[in-house]
Amino acid sequence: MAANAATSKANVAPEKDPGTSEELLARIVEFLEAEKAEELVEIDLRGRSEIADYMVICSGRSTRQVTALAEKLTDTIKLEFGRFSKMEGKAQGDWVLLDTGDVVVHIFRPEVREFYQLEKMWLPSSAAEAE
């Protein structure tokens, strides 16, 4: 019985202030910049989508960096905000999606990012044209 209690506690986020979506976004951006993610783009989704308040898109130079950024960011969010992030695509390492609830993070290898061009889909048309 004690083993079951210990196992169930492992799946519970630590008691932390979950913060606002703006605080979470700021920390994610700060983390990605410090870890040398490239071509970082923040997209405000408020009023445009129900999936999240913000989206962050960035690139890693290799599959190893993409995977490492995703893993370390997930750990950082868990420790600092008490939030578990859902992660997709880590096994391939070409494109990892992190769903933190309020902020969705896409980490791409550059050629995969160019292929999907998410910025063009989500940025306002004037901002997308400026790039």
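User: What makes two rings here an aromatic pair?

Analyst: Rings of Phe, Tyr and Trp (its six-membered ring) pair if their centres lie within 6.5 Å. By that rule the structure holds three aromatic pairs. Keep in mind that this is a predicted model, where local features need pLDDT of at least 70 and side-chain atom pairs pLDDT 80 or more, while totals for chains, interfaces and linings use all residues. Residues are numbered from 1 along each chain as its sequence is written, and side-chain values use heavy atoms, leaving out hydrogens and water.

User: Why is the pair of Trp 95 and Phe 108 called stacked?

Analyst: Planes under 30 degrees apart count as stacked, over 60 as edge-to-face and the rest as tilted. Trp 95 and Phe 108 have 25° between their planes, with 4.7 Å centre to centre, so they're stacked.

User: How do you know whether Phe 108 is buried or exposed?

Analyst: Buried means under 20% relative accessible area, exposed over 50%, partly exposed in between (1.4 Å probe, protein chains only). Phe 108 has 1%, so it's buried.

User: What about Phe 115 and Tyr 116?

Analyst: Phe 115 is at 64%, so it counts as exposed. Tyr 116 is at 39%, so it's partly exposed. Together with Trp 95 and Phe 108, these residues form one aromatic cluster.
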